[in-house]
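Trainee: I would like to learn how to read the features of a protein model, one at a time. Could we work through one together?

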Amino acid sequence: MFCFQCEQTAKCAGCTNEMGVCGKKADTAELQDKLTGALIGLAKTMEGVEGTVGDSAAAVVVEGLFATLTNVNFDNDAILALADRVEAERQKLASESGKDAPSYDMGKLWGADEDVRSLKSLILFGIRGVAAYAYHAAVLGYTDEAIHAFLYKALRAVGADDWGTDELLPIVLEVGEVNLACMALLDKANTETFGHPEPTEVSQTVEKGPFIVISGHDLHDLKLLLEQTEGTGVNVYTHGEMLPAHAYPAFKQYPHLKGNFGTAWQNQQKEFADLPAPVLFTTNCLMPPKESYADRVFTTDAVGYPGLQHVGPDKAFSPVIEKALELGGFDSDTTLSGINGGNAVMTGFARNAVMSVAETVVDAVKAGAIKHFFLVGGCDGSRPGRNYYTEFVKQTPKDTVVLTLACGKFRFNDLDLGTIGGLPRLMDIGQCNDAYSAIQIALALADAFGCGVNDLPLSMVLSWYEQKAVCILLTLLHLGITDIRLGPTLPAFISPNVLNLLVEKFDIAPITTPEEDLKAILG
Ligand code: SF4
Ligand code: SF3
């Protein structure tokens with residue numbers, strides 16, 4: 001196998017043995033390549049006849065890309081079934097249009113010249129992230145043909161044998177542009193369906209009695225689960241990237257959505273080991289479950305793992321609810337504190353909430369009360385160097401504000417950083433896709449100060465793990481944002497030449513130490 005799409009890849013170079021660091025087995029990796037190759041074949045078959053492509057083809061492209069994202073699907077049967085659907089769509093289209101293109105051999109990509117491989121990887125991994133966001137928007141009824149058309153174009157670019165830097169680089173940045181549109185679509189879907197997030201304190205105490213833990217990014221699944229658990233005596237707790245759901249008005253009407261359980265994804269094997277409740281995964285990041293709790297883990301949507309119970313498109317969560325009733329939950333109220341010992345966390349500082357206090361923020365900056373903003377956001381992971389982010393946030397001066405998003409925040413979201421002028425110093429904007437909100441906040445601040453985003457007293461200190469972080473990073477580059485610090489390590493798929501290019505054009509830099517980086521940023 002060969003896979004180097006995530007941050008924990010073996011030796012910071014690539015997973016090549018019988019099993020990847022994430023637990024993905026070689027045969028699964030090969031089937032994922034087969035699926036991706038089939039998607040490229042389908043996209044090539046579509047060239048010139050996109051107008052005749054039906055919704056089912058668009059759906060399978062989105063799902064096929066999403067399923068190959070890190071920590072989503074480990075189930076060979078599910079991946080093969082997706083590849084078969086792709087194949088069927090290609091044959092249907094080919095018979096209609098008289099045009100056909102075979103599956104692409106991914107071995108050609110992994111064996112390509114390192115700069116070509118690097119740029120194509122940025123495109124492929126980036127669109128895997130875009131597809132995940134497009135999937136969540138689509139389940140709420142929001143789709144955009146321009147986004148689908150770009151996914152086809154980007155797949156063709158990955159399969160273009162004679163393309164070099166000149167052809168590929170513009171498409172890399174276009175991934176960022178389209179991802180911005182896709183995050184905007186998801187933001188619209190979420191806020192029009194569930195309302196605008198409001199600052200909300202979330203308890204980390206699990207009340208006694210039966211409960212379900214729901215993880216991942218899909219708010220629609222949460223809604224369906226809350227509806228189906230209503231009146232059953234089963235409480236619901238969020239986990240990981242589901243935490244920001246508590247801030248949406250539509251979810252506040254469910255009194256049995258009680259709080260949050262646990263921290264970021266890489267702690268699940270420890271945190272779920274003795275859990276007297278089932279866990280439902282709606283997206284990444286699923287880790288191979290330990291035997292001790294595998295019978296309590298359920299998957300849905302694009303997520304899958306051999307042997308785990310999967311809830312299909314009918315979304316009948318009854319087996320999950322029955323499991324919760326059977327396990328019964330804790331005998332007494334139980335708190336799993338955050339990693340710094342805090343028992344409650346705040347979320348919901350999305351664009352509407354922050355912009356409603358924009359005047360206070362701008363006045364505080366003008367009066368010198370707020371000297372600097374940091375966006376410390378992105379994915380969490382298990383690399384020891386990731387305590388950089390905890391230390392960085394702890395060391396930010398009292399006259400600075402820390403904005404955060406995605407699951408990396410569990411490293412510090414239980415810290416009490418105090419307030420500035422009535423505003424909390426630490427504000428959680430939401431999930432990784434709420435980077436859209438963060439961008440809107442930054443643009444509004446730039447507007448208020450009559451400057452560009454790069455001229456704001458704002459620094460981005462980002463952590464990455466999987467491919468959603470890749471497309472978000474490309475969005476920031478597309479917007480011309482410079483001086484980003486990235487860690488805990490740089491992507492293995494960025495070749496030295498491509499890195500030079502990013503450094504020259506965007507001043508992107510690896511994190512060093514909290515002390516040095518803070519000194520460099522604050523002068
Ligand atoms: Fe390795 Fe990451 Fe690929 Fe898993 S997703 S096989 S850890 S590079
Ligand atoms: Fe986390 Fe997996 Fe990336 Fe949406 S849940 S951020 S790592």
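Trainee: Let's begin with the rings. How many aromatic pairs does the structure hold?

Mentor: Happy to start there, and please keep in mind that this is a predicted model. The structure holds 22 aromatic pairs. Phenylalanine 272 and tyrosine 293 form one of these pairs, with 5.9 Å from centre to centre and 80° between the planes, which is an edge-to-face arrangement.

Trainee: What describes a pair of aromatic rings?

Mentor: Two values do: the distance of the centres and the angle of the planes. Planes over 60 degrees apart count as edge-to-face, so the 80° between phenylalanine 272 and tyrosine 293 puts that pair in this class.

Trainee: Where in the chain do phenylalanine 272 and tyrosine 293 lie?

Mentor: Phenylalanine 272 is in the loop between α10 (268-271) and β6 (279-281), while tyrosine 293 is in the loop between β6 and β7 (297-300). The two are 21 residues apart, and their pair links distant parts of the chain.

Trainee: Are phenylalanine 272 and tyrosine 293 buried or exposed?

Mentor: Both phenylalanine 272 and tyrosine 293 are buried. Compare the pair made by tyrosine 388 and tyrosine 389: this one is edge-to-face too, at 4.9 Å centre to centre and with 80° between the planes. Tyrosine 388 and tyrosine 389 are buried as well.

Trainee: Which residues form an aromatic cluster?

Mentor: Phe2, Phe4, Trp110, Phe125, Trp464 and Phe493 form one cluster. Keep Trp464 in mind, for this residue is also in contact with cysteine 379.

Trainee: Then let's turn to cysteine 379. Where is cysteine 379, and which residues is it in contact with beyond its neighbours within four places in sequence?

Mentor: Look in the loop between β11 (372-378) and α14 (387-395). Apart from those sequence neighbours, cysteine 379 is in contact with Arg386, Ala406, Cys407, Gly408, Ser463, Trp464, Tyr465, Glu466 and Ala469. Take alanine 406 as an example: it is 27 residues from cysteine 379 in sequence, yet their C-alpha atoms are 5.9 Å apart in space.

Trainee: Why does cysteine 379 count as buried?

Mentor: Buried means under 20% relative accessible area. Cysteine 379 has 4% relative accessibility, so it counts as buried.

Trainee: What is phi near for lysine 11 and asparagine 71?

Mentor: For lysine 11, phi is near 50°, and for asparagine 71, near 60°. Lysine 11 is found in the segment before α1 (26-46), and asparagine 71 in the loop between α2 (55-67) and α3 (76-97). Lysine 11 is exposed, because its relative accessible area is 81%, whereas asparagine 71 is buried because its relative accessibility is 3%.

Trainee: Let's step back to the whole chain. How many helices and strands are there?

Mentor: The chain has 18 helices and 18 strands. Its radius of gyration is 22 Å, close to the 24 Å that the globule rule gives for 523 residues, so the chain is as compact as a globular protein of that length. Of the 523 residues, 61% are buried.

Trainee: And what share of the contacts with a separation of 6 or more comes from residues 24 or more positions apart?

Mentor: Such residues account for 75% of those contacts.

Notes:
Residues are numbered from 1 along each chain as its sequence is written. Chains are lettered from A and ligands numbered from 1 in the order in which they are written. This is a predicted model: local features need pLDDT of at least 70, side-chain atom pairs count only at pLDDT 80 or more; totals for chains, interfaces and linings use all residues. Side-chain values use heavy atoms; hydrogens and water are left out. Helices (H or I, at least four residues) and strands (E, at least two) are DSSP runs, numbered from the N terminus. The radius of gyration is taken over C-alpha atoms; the globule rule is 2.2 Å times the number of residues to the power 0.38. Buried means under 20% relative accessible area, exposed over 50%, partly exposed in between (1.4 Å probe, protein chains only). Contact means heavy atoms within 4.5 Å. Rings of Phe, Tyr and Trp (its six-membered ring) pair if their centres lie within 6.5 Å; planes under 30 degrees apart count as stacked, over 60 as edge-to-face and the rest as tilted.
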